[in-house]
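Let's take a walk through this model together, with the viewer open beside the text.

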Amino acid sequence: MQLTARLETVKNAVLPCGAVLDAGTDHAYVPIALVQQGICRRAIASDINRGPLLRAREHIQKNGLDGKIETRLGSGITVINPGEAQSVILAGMGGVLIAQLLEEDKAVSASVKQFVLQPMNAPEYLRHSLHKNHFCITEEYLAEEGDKLYVILSVEHGEERYEKECYYHIGKRLFQRYGEQEIFLRYLKKKTNAFRKMLSGQQKALLQDEKRIAYLENLLRELEGLGYDL
Ligand SMILES: C[S@@+](CC[C@H](N)C(=O)[O-])C[C@H]1O[C@@H](n2cnc3c(N)ncnc32)[C@H](O)[C@@H]1O
């Protein structure tokens, strides 16, 4: 089975383990590939909705993996007991929802060694929430599909804080991993231009939000001070 670039990068971020939970699995493509490739011995594929879970079950059966991948109906990490999985994937959901799901069951969360997170939006909210809740971001990856760039985080328990607000928007690990690589420069420019557009929108607004303007100005100052040609 050929995974899309986004799902392939999510899969590759998972560390070898005995059991992985893919929460919000939908099609179950990632746990199927993880078990087929021997990266994880077993998997639990879960979803809050019955339709996606039925789809997951169908794909698991078609690949002859019923004995190795279990499906469960329910929200986020609450579908497992502490110790049942060493890695948890939360992919293709909003950053705010992912942050909430990580806090839904503290005992389960504490027992998990690695989280692989792929937020569709609000990555700054997610990174702030991770640091507030005693997680550190050990790696970040970019995946490109058409004109879209996705960010994938590998997260473990630990203490960490970023010294600049811009690293909450554009992960500090991305700077370290990609440096001057073309894909990252494109990502950086796209994000910076979006902040410039937001700032100009705020400055032209009838009712100006001074706090928001100061926040965006600081963000742009930080980004422009990093030495990239933006
Ligand atoms: C856009 S799909 C992403 C599927 C897959 N993880 C991926 O990255 O391609 C989001 C899935 O998350 C499920 N979902 C939404 N909220 C959830 C929650 N609280 N717990 C578990 N699954 C949830 C939806 O039913 C849907 O199947």
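Gly24 contributes a backbone N or O atom, 2.7 Å from a nitrogen atom of the ligand. For Ser75, a polar side-chain atom lies 3.2 Å from a nitrogen atom of the ligand. Of the 590 Å² that the ligand exposes when taken alone, the protein buries 80%; such accessible areas come from the Shrake-Rupley method with a 1.4 Å probe, and for residues only the protein chains shown count as cover. In total, 17 residues surround the ligand, the closest being Arg6, Gly24, Asp47, Asn49 and Gly76; a residue is near a molecule or strand if one of its heavy atoms lies within 4 Å of it.

Before going on, a word on the ground rules. This is a predicted model, in which local features need pLDDT of at least 70 and side-chain atom pairs count only at pLDDT 80 or more, while totals for chains, interfaces and linings use all residues. Residues are numbered from 1 along each chain as its sequence is written, and side-chain values use heavy atoms, with hydrogens and water left out.

Now for the sheet. Helices (H or I, at least four residues) and strands (E, at least two) are DSSP runs, numbered from the N terminus, and two strands pair if DSSP finds at least two bridges between them. Seven strands make up an open sheet with mixed pairing, in the order S3-S2-S1-S4-S5-S7-S6. At its edges are strand S3 (69–73) and strand S6 (135–145), each of which pairs on one side only. On average, neighbouring strands of this sheet are turned by 20° against each other, direction ignored. Here axes are lines fitted to C-alpha atoms, for helices over the stretch in contact, and angles run from 0 to 180 degrees between N-to-C directions.

Both pairing senses can be seen. S1 and S2 pair in the parallel sense over six bridges, and Ala23 stands opposite Ser46 in S2. Strand S5 (residues 114–119) and strand S7 (residues 148–157) run antiparallel and are joined by three bridges, with Val116 opposite Ser154 in S7. How enclosed is S2? Six of its eight residues are buried, so S2 is largely enclosed by the rest of the structure; buried means under 20% relative accessible area, exposed over 50%, and partly exposed in between (1.4 Å probe, protein chains only).

Helices lie against this sheet. Helix H2 (residues 29–36) lies across strand S1 (17–23), strand S2 (40–47), S3 and strand S4 (87–93), and runs at about 170° to S2. Helix H4 (residues 95–102) packs on the sheet as well, touching S4 and S5, and its direction makes about 155° with that of S4. Contact means heavy atoms within 4.5 Å.

In the loop between S1 and H2 you will find Ala28. Its phi is near 65°, a positive value in a residue other than glycine, and Ala28 is buried, with a relative accessible area of 0%. Ala122, in the loop between S5 and helix H6 (123–132), also has a positive phi, of about 45°, although it is not a glycine.

Lys11, in helix H1 (residues 5–13), counts as buried at 4% relative accessibility. A polar contact of 3.1 Å joins its side chain to that of Glu8. His131 lies in helix H6 and is buried, with a relative accessible area of 1%; its side chain makes a polar contact of 2.8 Å with that of Tyr168. Finally, Leu142 belongs to strand S6 and counts as buried at 7% relative accessibility. Leu142 and Val10 are 132 residues apart in sequence and 9.8 Å apart in space, C-alpha to C-alpha.

Notes
A polar contact is a pair of N or O atoms within 3.5 Å; within protein, one must be able to donate a hydrogen and the other to accept it, and residues adjacent in sequence count only if both atoms are side-chain atoms.
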